[in-house]
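Dear colleague,

Please find the structure handed over to you with this message. A short account of the findings comes after it.

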Amino acid sequence: MFRFALVGGVNTGTFFGCYLLLHPWMPYFAAYSLAFILSMIGSFFLNTYFTYRTRPTWKKFALFPLTNVTNYLVQSVGLYALVTWAGMDDRIAPLVAAVVAIPFTYLISQRILVPRSTGRPADAPGPSGPGSETDERHPSRLA
């Protein structure tokens, strides 16, 4: 959980920095969307290598943004509500909306990135080597 929070902080900083850089040249929601996509790509690699210490694969890379649709929707609705209904500054509202979405992001990313149990007890010996769960937990190239 600590590593997830640390990666989340880095990712939020990356997102917010990209948003602030893009905001002067485009509408706030377009800047928000592009910053979200850029930070999500970085988040995938930080979470696979650092948080969950698992091997990134093209399948996980494809699923990661799909599962973050929930996160995007939570943040988008929050952003719209904070700016339109609460009158919050559109430079600060994305940060607040991102904080609200953290629990959703954690559950979804863990579900996608962490290998599932094979049904064996945790202490039972299992297969090892290429393609096994043991191999899956070691960082390597995107394959």
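The paragraphs below describe aromatic pairs, a salt bridge and the surroundings of one serine. Please bear in mind throughout that this is a predicted model.

Aromatic pairs

The structure contains 14 aromatic pairs. One of them joins Phe-4 and Tyr-106 in an edge-to-face arrangement, with the ring centres 4.7 Å apart and 80 degrees between the planes. Because Phe-4 belongs to helix H1 (residues 2–22) and Tyr-106 to helix H5 (residues 102–113), this pair ties together parts that are 102 residues apart in sequence. Phe-4 has a relative accessibility of 7% and therefore counts as buried, the limit for that class being under 20%.

A second pair is formed by Phe-29 and Tyr-32; it is tilted, at 5.5 Å centre to centre and 45 degrees between the planes. Both residues lie in helix H2 (residues 28–51), and since they are 3 residues apart there, about one helical turn separates them. How accessible are the two partners, Phe-29 and Tyr-32? Phe-29 is partly exposed, at 34% relative accessibility, whereas Tyr-32 is buried, at 0%.

Phe-29 and Tyr-32 also belong to one aromatic cluster, together with Phe-15, Tyr-19, Tyr-28, Phe-36 and Tyr-72.

The surroundings of Ser-76

Ser-76 is located in helix H3 (residues 58–85). With a relative accessible area of 9%, Ser-76 is buried. Which residues does Ser-76 touch, if those up to four places away in sequence are not counted? They are Phe-29 and Tyr-32, the two partners of the tilted pair described above.

The salt bridge

The count of salt bridges comes to 1. In a salt bridge between Arg-91 and Asp-89, the closest N and O atoms are 2.6 Å apart.

With kind regards

Key
Residues numbered from 1 in each chain as written. Predicted model: local features only at pLDDT ≥ 70, side-chain atom pairs only at ≥ 80, totals over all residues. Heavy atoms only, no water. Phe/Tyr/Trp six-rings, centres within 6.5 Å; stacked < 30°, edge-to-face > 60°. Helix = DSSP H or I, 4+ residues; strand = E, 2+ residues; numbered from the N terminus. Buried < 20%, exposed > 50% of the residue type's maximum accessible area, 1.4 Å probe, protein only. Salt bridge = Lys/Arg side-chain N within 4 Å of Asp/Glu carboxyl O. Contact = heavy atoms within 4.5 Å.
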